[in-house]
Amino acid sequence: LPNSLLLNSEVVIPPVWKAPKKYVTPAWRPKVGKGSGAERDEEAPDSGQLLDGFALVNACGVQLPEEVEAVSLMGKKYVDVEVEDLHHFVLLQVLDVGDNLLPGMHSLAELPALRELKMQCNQLKGLYIQPGTFFSLDILELSYNHLDHTALIHLGSLPNLRELDLSCNCISKIPRSALNQTSFPRLETLHLGAQTPRLQA
């Protein structure tokens, strides 16, 4: 074919075709693998899911981590967290991950602006809180787990915690170290009802 076609004495130049741009996955997004939050519900019901950046943005219907401010992921069968994704969610303040099987609070410590966390019904048996984490946490819901009295010792170090719900756990006593002047410096409300065995006065 010639480089141009004559139609009604007009020169028509063939269009210059450009190759489509290759889509580049955002740097914050993990590689998609089995159990990733990017997957749909075709997985086996008992396989468990990975709570990652995909799960957080998809739950809010947004594209970027910095657009996420509040997320509810109750009952999604999450069993682990892609910790490396979390520091990108700089505005996430409210997170509800109740009724899952997450390994513990420490798995969410990389959320820099978190103010309210709900982790009820996660079968938590212990807590590990690294010093300097959860600095902004104001409200914490940990009811219906399997936490014992040591939870009060670890949580007492949170500097801005104002409301704490530990009802329906296994706290049989309140340790003395949780009652000193440096523990729970800003706590206003503490729920400790319905412990098994019963909480001793």
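Okay, let's start with a cysteine: Cys 121 comes out partly exposed, at 32% relative accessibility. Keep in mind that this is a predicted model. So what about Cys 60? That one is partly exposed as well, with 27% relative accessibility.

Which cysteine sulfur sits nearest to the one in Cys 121? It belongs to Cys 168, and it is 8.7 Å away. A disulfide needs the two sulfurs within 2.5 Å, so Cys 121 is in no disulfide. For the model, the disulfide count is zero.

On to the charged side chains. How many salt bridges do we get? Four.

Take Arg 115 and Asp 138: their closest N and O atoms are 3.6 Å apart. This pair links distant parts of the chain, 23 residues apart. Arg 115 is in the loop between β6 and β7, and Asp 138 is in the loop between β7 and β8. As for accessibility, Arg 115 is partly exposed at 38%, while Asp 138 is buried at 9%.

Next, Arg 162 and Glu 188, with 3.9 Å between the closest N and O atoms.

One more pair before I stop: Lys 118 meets Glu 116 in a salt bridge, at 3.9 Å from N to O. Lys 118 is partly exposed, with 30% relative accessible area.

Notes:
Residues are numbered from 1 along each chain as its sequence is written. This is a predicted model: local features need pLDDT of at least 70, side-chain atom pairs count only at pLDDT 80 or more; totals for chains, interfaces and linings use all residues. Side-chain values use heavy atoms; hydrogens and water are left out. Buried means under 20% relative accessible area, exposed over 50%, partly exposed in between (1.4 Å probe, protein chains only). Helices (H or I, at least four residues) and strands (E, at least two) are DSSP runs, numbered from the N terminus.
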